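Here is a note for a colleague who is opening this structure for the first time. The points below follow the chain's cross-links, rings, charges and surface in turn.

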Amino acid sequence: MKPLLLLVAVALGLATVVSVVSAGPEAIECWFVEDAGGGGLSKKPATLLLRHGPRGPPPRPDLDPKLYFKVDDPAGMLLAAFRRYPAGASAPHCEMSRFIPFPASAKWARSLSPQQNCPRALDGDWLLVSVSSTLFSLSGLLRPQREPQRELVFITMATVVLTVLTHNPAPRVQLGKDAVLDLRFAYAPSALEGSPSLDAGPPPFGLEWRRQHRGKGHLLLAATPGLAGRMPPAQEKATAFAAWDDDEPWGPWTGNGTFWLPAVKPSQEGVYLATVHLPYLQGQVSLELTVHKAPRVSLTPAPIVWAAPGEAPPELLCLASHFFPAEGLEVKWELRGGPGGSSRKVEGKTWLSTIRHHSDGSVSQSGHLQLPPATAKQHGVHYVCRVHHSSLPASGRSADVTLEVAGFSGPSIEDGIGLFLSAFLLLGLLKVLGWLAAYWTIPEVSKEKVAAASLTIPRNSKKSQ
């Protein structure tokens, strides 16, 4: 029995491994973009084959063999990102273009490239792949072979050299909270780069974080771990990890460049560009940071609005306070109860106030409702204001108030019972307090007489017995 259970467990384990390995898309459809001359661009279909079955790569007669790539990913970061891609998710957007290795242009990163001319080991074709989706954003440098190879079909082998990846391309942070922008990168030197003539261990790298504003990048943080040099000071108290995860002699290596921005403000919204610089190689991803804060909702006057028949109740004010962003606030009014007993639209004049700004960057705005004269049928109805905003769930957030029409309200049975019990307890308490006050104010001798008198049995009682 035990060997059978063991075989079942092994089979289940193998099935799990197979399901993990086979998860995600087999291929990614891309567009190969290049200069067409005259200021125009040309787009051609291309495909990244991530994995294939035992029969080899499937035929793709619709593709140029030089744009049909079989991906080899020594570091595994690119393949791992797609392996966790949900089957039902929409396909990511993928673009490819040619890349030419070049030294970093920033002054603080020049120490990464001691020579202005790229080493001969970097000669040849390079491709820059940019993949974007709601699940991750990825940039990769691929080194394809010069000519396609015959594997049942003609296909071009391509090795992933550098990968820069974020699993949170659209971070959404509450106003005043810390923002953590995820960034990972991996580097696998090609055969020529990894020759024994080079120093062992991961190469020096530079990390750069910028925020885009009106088409220009504002440098927030720059770092070159392990290299001496004067770095520009970090802005807005920003920090980053900026480190390799390991120090294996010949790679591949993975690193962490996660960015931390404390107590975000509305002015810090925008597109953030994270760039990883290696000697003559660069990879970049973009993240769009948005800031939000849900409003607090209150309705006044509350909890009860009193009105006499034929008179208009007081104006209702629904305050949505300390929210962000300022745009998109919507206040809806509902009437619940009354003859129909259901929810319906309120009759009356409604409007929104001007926006009030606060020191923390949040805003407040109020919705107003001017009601028509009250009637007896409206006694006990509830006026509800419901606030909708991008920081709230789809159902919004609401507050309500009850209308009491004068002359039509009276105590309920529960109220009568409560009043009776309260009066009974209060009367008993007053009697006890009066007895204690009388007892403590009479002389001691009188107290003894009172006590003795209370213990004496009356004569009439004896006769009756």
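1. A word on burial comes before anything else: a residue is called buried when its relative accessible area is under 20%, exposed when it is over 50%, and partly exposed in between, with a 1.4 Å probe and protein chains only. The model is a predicted one, in which local features need pLDDT of at least 70 and side-chain atom pairs count only at pLDDT 80 or more, while totals for chains, interfaces and linings use all residues. Residues are numbered from 1 along each chain as its sequence is written, and side-chain values use heavy atoms, with hydrogens and water left out.

2. C30 is buried at a relative accessible area of 4%, and C94 is buried at 2%.

3. Another disulfide is formed by C318 and C385, whose sulfur atoms are 2.1 Å apart; with 65° about the S-S bond, the link of C318 and C385 is right-handed. This pair links distant parts of the chain, 67 residues apart, with C318 in strand β22 (residues 316-323) and C385 in strand β28 (residues 382-388). C318 is buried, with a relative accessible area of 0%, and for C385 the value is 0%, which is also buried.

4. Turning to the rings, those of Phe, Tyr and Trp (its six-membered ring) pair if their centres lie within 6.5 Å, and planes under 30 degrees apart count as stacked, over 60 as edge-to-face and the rest as tilted. A search of the whole structure finds ten aromatic pairs. Among them, W209 and F259 are stacked, at 4.8 Å centre to centre and 25° between the planes. W209 lies in strand β12 (residues 206-213) and F259 in strand β17 (residues 259-261), so the pair ties together parts that are 50 residues apart in sequence. W209 is buried at a relative accessible area of 0%, and F259 is buried at 0% relative accessibility.

5. F259 also pairs with Y272: their ring centres are 6.3 Å apart and their planes lie at 45°, so this pair is tilted. Here F259 in strand β17 is linked with Y272 in strand β18 (residues 270-278), 13 residues apart, and both F259 and Y272 are buried. Elsewhere, F185, Y187, F205, W244 and W253 form one aromatic cluster.

6. A charge sits over a ring if NZ of Lys or CZ of Arg is within 6 Å of the ring centre and within 35 degrees of the ring normal. K43 lies over the face of W31, at 5.0 Å from the ring centre, and the charged end of K349 sits over the ring of W351, 5.7 Å from its centre.

7. Which side chain forms a salt bridge (a side-chain nitrogen of Lys or Arg within 4 Å of a carboxyl oxygen of Asp or Glu) with E34? The partner is K44, with the closest N and O atoms 3.7 Å apart. E34 lies in strand β1 and K44 in strand β2 (residues 40-49), so the pair ties together parts that are ten residues apart in sequence. E34 is partly exposed at 23% relative accessibility, as K44 is at 40%. The whole structure has 14 salt bridges.

8. E334 meets R336 in a salt bridge of 3.5 Å, N to O, and E334 also meets R386, at 3.4 Å. R386 lies in strand β28 and E334 in strand β23 (residues 330-336), so the pair ties together parts that are 52 residues apart in sequence. R386 is buried, with a relative accessible area of 18%, and E334 is buried at 18%, whereas R336 is partly exposed at 34%.

How values were computed. Disulfide = S-S within 2.5 Å. Helix = DSSP H or I, 4+ residues; strand = E, 2+ residues; numbered from the N terminus.
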